[in-house]
Amino acid sequence: MKKILIVEDEQRISRFLQLELKHEGYTTETSADGREGYQMAQAGNYDLIILDLMLPNLSGVEICRRLRAEGIATPIIMLTAKDDVSDKVTGLDVGADDYMTKPFAIEELLARMRTALKKQTKSSETPVLKGGKITLDRNRYEVFFDSDAVVLTKKEFELLAYLLMNKNMVLSREQIVENVWGYEYEAETNVTDVYIRYLRSKIDEKFGTSYIKTIRGIGYQFKDE
């Protein structure tokens, strides 16, 4: 039985989530305070955290940032009443696995939870991935180009891991978004292109390689040269 931490200061939403998740077979613990929720996340052995962006005493972004800095890799789905791209990018950059805007359909949240939990299970199956001169260790959360460490955000790390797991295969933007971000592809989003640019700047441009190929009209490929 999966254990979920809900950090949400709106009592109505928190109670709704408790009831729905219990009905789906999850156990839950809740907090309406950012500082308390952060301490619970540090101490508790949770399978997933549902985290509101705006919380008293400590924001969801700061909670997420601190947990990732401490090496706590529990999947996090952030909730917010805001629907601004910059808020979403900030949440993902500090280590959130997914992001949902209120109001949301419980069916969609449950689907995203299943995706995040599945990814968490898979991450321990193939801990070390290699491509060219790049080595990615999923357990240690480290990336090296030869002996040089490459510092990546959580989403950059997950994107590179997905590319390496499927190296030499051409991946569509739809496949990448679904497997890395965990939500259904929206035609207008350019999140894949943005993060590919981030990766290229930290790997290809920095080390003078060209591992990440653009396949015109389709998507991207990690070419193991």
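Author: Helix α6 and helix α7 (residues 173-181) have axes that come within 10 Å and cross at roughly 125 degrees. The model is predicted, with local features needing pLDDT of at least 70 and side-chain atom pairs pLDDT 80 or more, while totals for chains, interfaces and linings use all residues. Residues are numbered from 1 along each chain as its sequence is written, and side-chain values use heavy atoms, without hydrogens and water.

Reader: Why is α6 called oblique to α7?

Author: Roughly parallel is under 35 degrees, roughly antiparallel over 145, roughly perpendicular 65 to 115, and the rest is oblique. The crossing is at roughly 125 degrees, so α6 is oblique to α7. Angles run from 0 to 180 degrees between N-to-C directions, with axes fitted to C-alpha atoms, for helices over the stretch in contact.

Reader: Which residues of α6 and α7 meet?

Author: Lys155, Glu158, Leu159 and Tyr162 in α6 meet Gln175, Ile176, Asn179, Val180 and Trp181 in α7, contact being heavy atoms within 4.5 Å. These residues divide into five nonpolar, two polar and two charged.

Reader: What makes β7 and β8 a pair?

Author: Pairing needs at least two bridges found by DSSP; β7 (residues 134-137) and β8 (residues 142-145) have four, in the antiparallel sense. Ile134 stands opposite Phe145 in β8. Strands are DSSP runs of E, at least two residues, and helices runs of H or I, at least four, numbered from the N terminus.

Reader: How do you know which strands are at the edge?

Author: The open sheet has the order β6-β7-β8-β9. Strands β6 (128-131) and β9 (148-149) each pair on one side only.

Technical notes. Nonpolar A, V, L, I, M, F, W, Y, C, P; charged D, E, K, R; others polar.
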